[in-house]
Amino acid sequence: MTHTRPVLTVPPRMAHPAQGGVARLWRQLASKPLGLLGVIVVALALVAAVAAPVAAPYDPVQTDFNAVLKSPSTTHWLGTDDLGRDVLSRVLAGAAASLQASLLAVGLAVLIGVPLGLVSGYLGGWFDQVAMRAVDALLAFPALVLALGITAALGPSLLNAGIAIGVATMPRFARLVRGMTLSLRTREFVDAARAIGARAPRILFRHILPNAAAPITVQASLSIGFAIIAEASLSFLGLGVQPPTPSWGSMLKVGYAYMDLAPWIAIAPGVAIVLTVLGFMLLADAVNQVLDPGRKRR
């Protein structure tokens, strides 16, 4: 009688709808009205940011003292500001600054927070205690106040604003990924991977991280919306993009002083901020519905 030795195999990783490909994900997003609206708004914001140098009807930093505080007209669709600059051109150019800072911030937060959360949740012990206490110390500060303090220390600029917002956002990713790792490291497919000799880096990045991708994606979409608001707040206070470079926050600061005479100076960038942030919020909610198979679809 012959005996065959059982072969231990690693069960496949948990699947979610996005694993069918990017095209399938977009189809599922497009099937949800609010999700489709979010995609359209985000796409328009990205197009405005990229195409601003070509699409803007005027030079956004060019002053015209013969057209100071002109109300919206066929010549200047959104009017002009206190220096005669075209508001529409500045709103389009400001989209680039806001999205650059927000994408830099979220990219930095993901780059630091995700590996930190993975390693901390998987190793546990003293490393987990030290890392999470440091994260808790950052979480003790309101995110916007922390970003304000970091930017004040580094100096006002678009790059420093992005770094500051990224540091303030990072703890959310670290906490989220740590919690997912604590849950996933005891699953059968992780035990099977250990049994066949897989090392910790392979387990983390080939088995645990793909199964934490859905909440990370949703958190990233939400964080971009927060980063846009934070960048506008820093620019409003003079710690973000520096004049004469257009920024939605700096435009709000100028418009605030002319609310009685020329409200369009503040209304235009304010509406741009609200619509862009709303677009990312709707997109995040739709992505959550698509990537979370346990959530009831609407």
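This is a predicted model: local features need pLDDT of at least 70, side-chain atom pairs count only at pLDDT 80 or more; totals for chains, interfaces and linings use all residues.
Charged pairs come next. The count of salt bridges comes to seven. In one of them, Arg178 pairs with Asp128, with the closest N and O atoms 2.7 Å apart. Arg178 lies in helix α6 and Asp128 in helix α4 (residues 125-139), so this pair ties together parts that are 50 residues apart in sequence. Both Arg178 and Asp128 are buried. Asp81 forms a salt bridge with Arg90, where the closest N and O atoms are 3.8 Å apart. Asp81 counts as buried because its relative accessibility is 4%, and Arg90 is likewise buried, at 6%. Asp81 and Arg90 also belong, together with Arg85, to a network of salt bridges. Arg187 and Glu188 meet through their side chains in a salt bridge of 3.9 Å, N to O. Here Arg187 is partly exposed, with a relative accessible area of 30%, whereas Glu188 is exposed, at 57%.

Thr80 sits in the loop between α2 (33-55) and α3 (87-123). Despite this loop position, Thr80 is buried, with a relative accessible area of 0%. A polar atom of the Thr80 side chain lies 2.5 Å from the backbone oxygen of Ala67. Beyond neighbours within four places in sequence, the contacts of Thr80 include Val68, Leu69, Arg85, Asp86, Trp264 and Ile265.

Helix α6 (residues 158-184) also holds Arg172, which is partly exposed at 31% relative accessible area. Not counting residues up to four places away in sequence, Arg172 touches Ala143, Gln219 and Phe226. The C-alpha atoms of Arg172 and Val114 are separated by 9.5 Å, although these residues are 58 apart along the chain.

Finally, the surface carries a nonpolar patch formed by Phe236, Leu237, Tyr256 and Met259, with about 430 Å² of accessible area together. Phe236 lies in helix α9 (residues 213-236) and counts as partly exposed, at 32% relative accessibility.

Key:
Residues are numbered from 1 along each chain as its sequence is written. Side-chain values use heavy atoms; hydrogens and water are left out. Patches are made of residues with over 30% relative accessible area and no salt bridge: like charges are joined within 9 Å, nonpolar side chains (Val, Leu, Ile, Met, Phe, Trp, Tyr) within 5 Å. Accessible areas come from the Shrake-Rupley method with a 1.4 Å probe; for residues, only the protein chains shown count as cover. A salt bridge is a side-chain nitrogen of Lys or Arg within 4 Å of a carboxyl oxygen of Asp or Glu. Helices (H or I, at least four residues) and strands (E, at least two) are DSSP runs, numbered from the N terminus. Buried means under 20% relative accessible area, exposed over 50%, partly exposed in between (1.4 Å probe, protein chains only). A polar contact is a pair of N or O atoms within 3.5 Å; within protein, one must be able to donate a hydrogen and the other to accept it, and residues adjacent in sequence count only if both atoms are side-chain atoms. Contact means heavy atoms within 4.5 Å.
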